[in-house]
Amino acid sequence: MSVEELKDHPVDNNKKRTTSKLSRSNSPVGKRIHNIENFSGNHINKDNNNANNNVNNNVNNNVNNEDNINVNSKIKNTQIDNASNEAKNPRQELKKTTKSKRKYRAKKVESTSPIGVLQLEIDELINKRNIDKSLISTDVNKILNNSDLATKFNRVVENVKVLELTSNGDGLALIKNPEIENGFQVVLIPFALPGEIVNIRIFKTHPLYCESDLLKIAEPSKLRNDSLINCKYFGRCSGCQYQQLDYNSQLIFKKNTIENAYKFFAKNLIANNKIPKIDDTIGSPLQYFYRTKLTPHYDIPRKFNPETSPVPTLGFGSKGRPEFRETAGGNFPILDIEECSIGTEIINIGMKNERKNFKKIYKTKRKGGTILLRENTRVLPNELVQEIKNNENNESNESNNPKFIDFLNQENGSKDLSNGNLSYTKSKNEVSNQHLIKSCTTDTRQIVTENINGFVFNFSAGEFFQNNNSILPLVTGYVRDNLKIKNNKTGENYLIDAYCGSGLFSITASKDVKRVIGVEVSKDSVKFAEKNAQMNNIKNTLFIAGKAEKIFASVDTPSKQTSVILDPPRKGCDELFLNQLSDYNPAKIIYISCNVHSQARDIEFFINSTTNGKNYVVENIRGFDFFPQTHHVESVAILVLK
Ligand SMILES: C[S@@+](CC[C@H](N)C(=O)[O-])C[C@H]1O[C@@H](n2cnc3c(N)ncnc32)[C@H](O)[C@@H]1O
């Protein structure tokens, strides 16, 4: 952070831990945790750092258990002397007496959501060690209404052994429960790896687990290699979890996530040996600087005064207040982020431009918001490339070539405020020999272009499109290779692309099949799918705007010669759709998913609970790493009619 920016943030938030909605809002996990486990009052959340508080450090020895749980660990209770503080403040005293009882309200959890999966991971952790659930359950209502109890829970614990890694990339451990005799707390420790011995600070308690900050790594895992960390915000930003791991280890953890997902959600198929060995995860050609879309955001505080309040921070949510490494971005719920090492070069240039712009306009904002940064790739016409080249000798370059300026100005993208020009980067597609100009758009309705394996795609910047274009040739190639239907002597294959977006799989696979029918709920995406087919001179596609559930009413392709691609949103397919898919009875199903848990659940339902499901074999399951450095994994499962 520059000196200038430091001036913009005179408030030292280090003295104020706020686990507001915002502190978790960037992380899909955090978001769900907040939505699902909602306290009616304040969160259990005390300031352990506040130097003004009267702090007693009581160091207790933890009980040794038969397991490797927290062996020889010490629990350090950081207790705030509330009594003495409150007595001095009669207003607070009054408030205290009139305050109504705070109540913990648990909300319904979707089992394949991150918090739903965490519950299964917790069950597995305790079952493996024969620990009864009652020994890890905490009465959160009691803590909410008893500040002494809250400080007892919000403590520093030393020498904690990390036992597992969750599918969200957090370490999972067991520590002694400060209230239940011989009881435990399951604790989430972001950025910690299995096998590590760490010191942590608990800051939030839920009925079956608690959240903590990683303070110190006393004994690192052999897998940890902090020299690989490429980002000054890593260890606080909620975006990446795995930068401390070499890439191969990241891929192994992701394969593990897929294995666990099938273990949790396809129990019956696993028990009957109907799930094949999960194949190795295919890595991304780019492991940093790959993300073609980022959405930094900001919050406008309730008591915001445009004249006196500091510039709100702009970036991504912070994952608590870890201290195990020095990080940039400040101690804010939304970290003040200037660059993101997984974003592409032009996205980072766009981020810098838009930060400068934000400093000019933030006073007009009344509520928080998000800034869209989406990469747009255009091909520079050959004549223009030639003209620029020819003029190079005259000390002329592209920046003073009027035609090039015209080319740039066709685009309404992120501009360099110092000169008002569109920011861009140049690159070359070595396969097609095309010169590419990349810019960054911030307008959700702007039409952007992507080039994948010689195909061109247009779509609205605000609509869905895959974010890592470096891996798209690999995944679309894999899908194409697997569309072939064995024993199809007619030589005529058909494809149904359910949840087709702007036609990525329909178009890249169109040459291998006689006809493609795509269905997509977003009318805007369907419009682009049609346009993309036209632009790529593809004539055998038909796109239907509507719900995937309705597609089978309009399908006339022979099912034994048809493969179906499913690529639903994170929540997966609904049962109505899966029943219709089974009635249609296609020769092959390729299920692509960014949430392997809902994928496993759907495949279990399809095979076990639909009319024709039992006639399918799961031939292959493997991950594709669309999101290096993060816990996310895309999973592709192939089902074949026996
Ligand atoms: C994960 S995206 C995949 C898009 C496309 N296959 C791609 O890779 O670009 C899921 C798509 O499903 C669409 N969608 C969501 N619910 C749907 C439904 N019930 N029926 C059809 N499409 C749906 C979304 O609009 C989104 O475009």
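Two strands are taken as paired if DSSP finds at least two bridges between them. Helices (H or I, at least four residues) and strands (E, at least two) are DSSP runs, numbered from the N terminus. The model is predicted: local features need pLDDT of at least 70, side-chain atom pairs count only at pLDDT 80 or more, and totals for chains, interfaces and linings use all residues. Residue numbering starts from 1 along each chain as its sequence is written.

Strand β12 (residues 297-298) is joined to β13 by 2 bridges, and the two run antiparallel. Tyr-298 has Leu-314 of β13 as its bridge partner. These strands belong to an open sheet of 3 strands, ordered β13-β12-β14, with antiparallel pairing. Its edges are β13 (314-315) and β14 (369-370), each pairing on one side only.

Helix α8 (residues 247-265) meets helix α17 (residues 596-609). Their axes, lines fitted to C-alpha atoms over the stretch in contact, come within 8 Å and cross at roughly 40°. Angles run from 0 to 180 degrees between N-to-C directions. The two helices are therefore oblique to each other (under 35 degrees counts as roughly parallel, over 145 as roughly antiparallel, 65 to 115 as roughly perpendicular, the rest as oblique). Contact means C-beta atoms, placed from the backbone, within 7 Å. Among the contact residues are Ile-258, Ala-261 and Phe-265 of α8, and Val-596, Ala-600 and Glu-604 of α17.

In helix α13 (residues 472-481), Leu-472, Val-475 and Val-479 are buried (20 or more other C-beta atoms within 10 Å of the residue's own; exposed is 12 or fewer, partly exposed in between). The cover over these residues includes β20 (447-452), α14 (504-509) and β25 (562-566).

Note on methods. Two residues are in contact if their C-beta atoms, placed from the backbone, lie within 7 Å.
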